[in-house]
Amino acid sequence: MGSVPMNRTKSTSVEAILGDELARADRALLGVAPVISHLLDASGEALVNDAILARLRGMLAHLSRSLLGADRPTSERGSIELDTIDSLSEELARDPALLRHLYALAVEGLVTERLERTLSFDPVLSPLLQELIASDQPATAELAIKALTAQSRYLQSQGRMELELNELPADLFANVLELFEGAAPQIGVGEVSSAIAQVQRGYDEGASRIGLFARLVAGLRNGALAGLSLEHAGFPLFASCLANLSGQPRDLVVLSSHERQNARLVLSLRAAGLEGEEIERQLQILGPASPHADNIANMPSERAREMLAQSNAGDAFMAGAA
């Protein structure tokens, strides 16, 4: 009987290890929304010092203020009762899909800030975005300029712990409006139809920051591989490119930057077409070390994509439900 080829043995071993680690990563992510919900309900000054929770609270409150003040004159919006804002925030926090998205936005902001602080990565204008702005294709250049502006606004909003309703993905935007309408009687808000109509009139998913990045990446086609270099693309555009090329939700890709999601990040980079050395380079930049980067090249990218597609956490993100 012939011996098993060495590279096949390594590939099988790495696949088994990564499969086990991905399952653990799934369980960790599926527990994110319930844990956050519990912590948001908790009281105490200790939570104020937690960067993630502080941003989540701020974004929920800002979404609530925007909904409650949508059909009011600007001069009257400051008169909204804090108790009403808090009550609506609590209702919005009951949506696991919304919590996961806000959590990913907070993580993205913190990772982007860390890369600027430790490696001097420009958090707004990456080299790749600069190239797209200088494109000889007017439509591409215009889209890149809009993405630049949107990224700048996002960082400012994260600094203020805010989030505009127009920045929500379409499914979550619809969820938030439904929650607002359903919660109105319980939180003492009367007619909400005019506020909802006004918010809907100003909504355009394609003009949101994530929508603009998605359109830019789609326009890159095969050139999207250039976006898998963190040094060249910057974290926000890197996340959009990796989501596109690995076939995953962008929020899930953002959360794979956490060290406990190392297996997901390795598999995502391989599924997107990167080789061992390139994968190791991106891991070194983000911080989480991996013993699998050298051997992952033995795994076909199609198999990495299959393993990600079978992820329970991936199913939850795609379905928008825990």
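This briefing walks through some charged, aromatic and backbone features of the structure above. The model is predicted, so local features need pLDDT of at least 70 and side-chain atom pairs count only at pLDDT 80 or more, while totals for chains, interfaces and linings use all residues. Residues are numbered from 1 along each chain as its sequence is written, and side-chain values use heavy atoms, with hydrogens and water left out.

Two terms come up throughout. Buried means under 20% relative accessible area, exposed means over 50%, and partly exposed is in between (1.4 Å probe, protein chains only). Helices (H or I, at least four residues) and strands (E, at least two) are DSSP runs, numbered from the N terminus.

**Salt bridges**

- A search of the whole structure finds 10 salt bridges; the term means a side-chain nitrogen of Lys or Arg within 4 Å of a carboxyl oxygen of Asp or Glu.
- One of them joins the side chains of E15 and R303, at 2.8 Å from N to O.
- E15 sits in helix α1 (residues 6-30) and R303 in helix α15 (residues 301-309), so this pair ties together parts that are 288 residues apart in sequence.
- How exposed are the two partners? E15 counts as partly exposed at 24% relative accessibility, and R303 is partly exposed with a relative accessible area of 23%.
- E15 and R303 also belong to a network of salt bridges that links them with E306.
- Another salt bridge pairs R94 with E91, where the closest N and O atoms are 3.5 Å apart.
- Here R94 counts as exposed at 56% relative accessibility, whereas E91 is partly exposed with a relative accessible area of 22%.
- E162 and R160 form a salt bridge too, with their closest N and O atoms 3.0 Å apart.

**A patch of negative charge**

- Which residues gather in a patch of negative charge on the surface? They are E81, D83, D86 and E90.
- Patches are made of residues with over 30% relative accessible area and no salt bridge; like charges are joined within 9 Å, and nonpolar side chains (Val, Leu, Ile, Met, Phe, Trp, Tyr) within 5 Å.
- For charge, Lys and Arg count as positive and Asp and Glu as negative, while His and the chain ends are not counted.
- D86 lies in helix α4 (residues 82-92), and at 43% relative accessibility D86 counts as partly exposed.
- E81 is found in the loop between α3 and α4, and E81 counts as exposed at 54% relative accessibility.
- The C-alpha atoms of E81 and R65 are separated by 9.6 Å, and these residues are 16 apart along the chain.

**Aromatic pairs**

- The structure holds 2 aromatic pairs.
- In one of them, F173 and Y203 have ring centres 3.9 Å apart and planes at 10 degrees, so the pair is stacked.
- For such pairs, the rings of Phe, Tyr and Trp (its six-membered ring) must have centres within 6.5 Å; planes under 30 degrees apart count as stacked, over 60 as edge-to-face and the rest as tilted.
- F173 lies in helix α8 (residues 170-187) and Y203 in the loop between α9 (193-201) and α10 (209-220), so the pair ties together parts that are 30 residues apart in sequence.
- F173 counts as buried at 7% relative accessibility, and Y203 counts as buried at 18%.

**Positive phi angles**

- Most residues other than glycine have a negative phi.
- S120 has a phi near 60 degrees, a positive value in a residue other than glycine.
- Where is S120 placed? S120 lies in the loop between α5 (96-119) and α6 (127-133), and S120 is exposed, with a relative accessible area of 64%.
- M161 likewise has a positive phi near 60 degrees and is a residue other than glycine.
- The place of M161 is the loop between α7 (138-160) and α8, and M161 counts as partly exposed at 33% relative accessibility.

**A buried leucine**

- L68 belongs to helix α3 (residues 51-68), and L68 counts as buried at 7% relative accessibility.

Note on methods
Accessible areas come from the Shrake-Rupley method with a 1.4 Å probe; for residues, only the protein chains shown count as cover. The place of a charge is taken as NZ of Lys, CZ of Arg, CG of Asp or CD of Glu.
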